[in-house]
Amino acid sequence: MGERTAIAELAELARKIRCHVVRMAHRARSSHIGSSLSVVDLLAVLYAEILRVNPSEPNWPDRDRFILSKGHAAACVYAVLAEKGFVPFESLDTYYQNGSALAGHITRSGVSGVDASTGSLGHGLGMGCGMALAARRDRRTYRVFVLLSDGECDEGSTWEAALFAPHHQLDNLVAIVDYNKLQSLATTEHTLALEPLADKWRAFGWSVREINGHDLAEIQSALEIIPWQAGRPSCVIAHTVKGKGVRFMENAILWHYRHLDDDELQRALEELKVPG
Amino acid sequence: MKTEFINTLLKLAESDERIHLVVGDVGFGLVEPFAGRFPNRFLNAGVAEQNMTAIAAGLAMCGKVVFTYSIGNFPTLRCLEQIRSDVCYHEADVKIVSVGGGLGYGALGISHHATEDIAVMRALPCMTVVVPGDPIEAGLATRALVDHPGPAYLRLGTRGEPPVHKADVSFRLGEAIRVTEEGVITLIATGTMLHNTAQAAERLAQKGIQARVLSMHTVKPLDVEAVLAAARETDAIFTLEEHSILGGLGSAVAETLAESRLHVWFKRLGIPPNFTSVVGSHEYLKQTYLLSVEGIVKQIASSLCCWGLSNSDAELSCGAAAARVS
C-alpha cells in the first residue's frame, strides 16, 4: 500500500469520524464539539496505523494503551472505536442518552476498547506513567499514548507526571498535546501562558516534536517509530485548530459549549461532504 | 503498627509478585528493606501525591496490587480526586496506607493531624476502610487486604502501640472483634483508641460497670450485625475514635442505629470538629480531648449519669463528671 493511498484512507476515516461527532453532538445537544474536532486527525492516525489493539480481544495484555486525558473529547473516541469495530455503530446514537454506557466524558465501564475513564483534567498522564512503568517492569513491549489538552497543562498534576516519566526513562510513553490554543474562556496565552511550551517539556527531559496536528502524513511520521530517543518519553506538541473541519466552528470558543441546531448540523454535514 | 505493616508486606511480597509499594518520599528507616529486597517493585514517587496515586492506579490496571504510603493527610486528602476517579472508579487494586492517623504526629501541628480522613474515605464508592487497633491487627489487616481485591484505605498509628490482642486473634475484614465479652454497655473502638478503650473498660469494671468492648477495625463495610447486637443486648453504645466526631466510626454506627428499630443510648467520643491551637504530644492531645483512659472513663460516667444508668458511686456522680468533661 503506497503512502498516498494510505493518506487518502486516513482522510476518509477522519471525515467519517467528524460526521459521527457532529451527529452525536447534535442528537445529544452536547458541548465540547470543538474540542472533539480538533483531535480527529490524531485519533484517525493512531487507531488506523499506530496503536496495536485488537477489537476481538480488547483486553489483550500486550495491547498498546490509549488514554484520552482530555475526557471531554469522548465523542471522537467513541466514533473511532465504532469505525474500528470495538463498539457497534448503533451505540453512537446512545451517546449522552439516559441509560447509555457512553457518557459525556470518556468512560471505560461498558465500553470496549477504552483503557481509562477520565473527565477531570490532569489525571491521564499519571495513570499513563503507571501503565508504562508496569510494561517496563514486566518486560512487556506495549506502549502508552496519552492525549492531553493544552488547558490541561495548567494542572499541577500534569507536571508531576511530566517530571516522573523522564526520571524513570519511560520511553514507551507518548504524550500528545492537542495545542489548539483555546480553552474555556480565552486563549491559552491569555489564561495562563504556556509558551514556550515545547521548551518546558524539553526542560523536563522529554523528547519533543512539534507537528501540524491536522497533517496526516506528519502525524504518521511522528508516531511511526517510538521512542525517538532511547530512554526518553516522547512529547508531540500537535498544533491544531479547535473545531477543525467545520469552518464556522474553527477557532471559536463558542463551540466549546454550544450545541448544534438543525440548520447548523446540515451546514456542518455539507461541509463534511456526506455522501448522498 | 507501621513496623508490622511493612514486615507483613515484605513477607507477602516474597510469594506474591503483584505486590508493589509506592511511597511519597516518606518512610525513612522503614521502607529500605522492601526497597532493597524488591527494587523492581518499590517506587519513591517523590513529593507528588497526586502522581503517586495516579501511577498506583495505572500499575494496578496492569495487574499489580499497589500499596501507596505516606503520612497523615498526604496520601488521602492531597490526592482525593485521584483516589476517587483513578482508583475507585476503575476499582483498581490500590491500598492507600497512611501512618500517624488521628493525632499521632502530635506537636507537628494541625497540618499533620489526620482527623477527617475516615469520613472522606468512607464516602467513596468501592472503598474499604480499615483502621487497625493494635500492631497485631495491623499485620493481619495488611494480609487480608492483599487478598481483598479493589480499593482500600489502611489507616495506621505510628510505632510502638501496645498490643491488645493475642497473636492468634481471629481477624476478618468487616467483622468486629470482641475484646471483652459481656457487659451492660458497649464500647466500640477503632484504631488507636482501642488500647485506651480496653483500659477504660477495666476501670469501669472496677466501678461495677461491665462493658463489652468491640474492636471495629473495619469501618467500611461496617459490621452492622455487631452494632445491632450491641443495641439489643446492652443499654448504651459509645463509639471511640481518634477522628472528628463527624463522618467517622461514630457516624457509621449512628446511621446503622437510626435506621434500625432499636432504642439504645448512644454517644460518640472523638475529636470536636474544629481546629484548636493546642500544641502537644500525642498523649497530651488525647488527654486534652478526653480520649485518655481517664478522659474516656469520665465521659462515659457523665453520660451514664445523665441518662440515669449509673450507680450511686460518688466518683460517677453526674455533677462531678460533667464538670470535668466541660
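Buried area is the accessible area, taken with a 1.4 Å probe, that two parts lose on being put together, summed over both. In this predicted model, local features need pLDDT of at least 70 and side-chain atom pairs count only at pLDDT 80 or more, while totals for chains, interfaces and linings use all residues. Residues are numbered from 1 along each chain as its sequence is written, and side-chain values use heavy atoms, with hydrogens and water left out.

Display chains A and B together. About 2,000 Å² is buried between chain B and chain A, and carbon and sulfur atoms give 54% of that area. The contact (heavy atoms within 4.5 Å) takes 25 residues from chain A and 24 from chain B.

Select B:Asn51, B:Cys62 and B:His90. In chain B these lose the most area to chain A, together 25% of what that side buries.

Next, select B:Lys64 and A:Asp138. Their side chains meet in a salt bridge, 2.4 Å from N to O; the term requires a side-chain nitrogen of Lys or Arg within 4 Å of a carboxyl oxygen of Asp or Glu. The count between the two chains is 1 salt bridge.

Then colour α3(B), a helix by DSSP (an H or I run of at least four residues). With 9 residues, α3(B) gives the most to the side of chain B that touches chain A.

Finally, move to A:Leu46. Leaving aside neighbours within four places in sequence, A:Leu46 is in contact with A:Leu51, A:Phe66, A:Phe145, A:Ile176 and A:Leu223.

Conventions:
Chains are lettered from A and ligands numbered from 1 in the order in which they are written. Helices (H or I, at least four residues) and strands (E, at least two) are DSSP runs, numbered from the N terminus.
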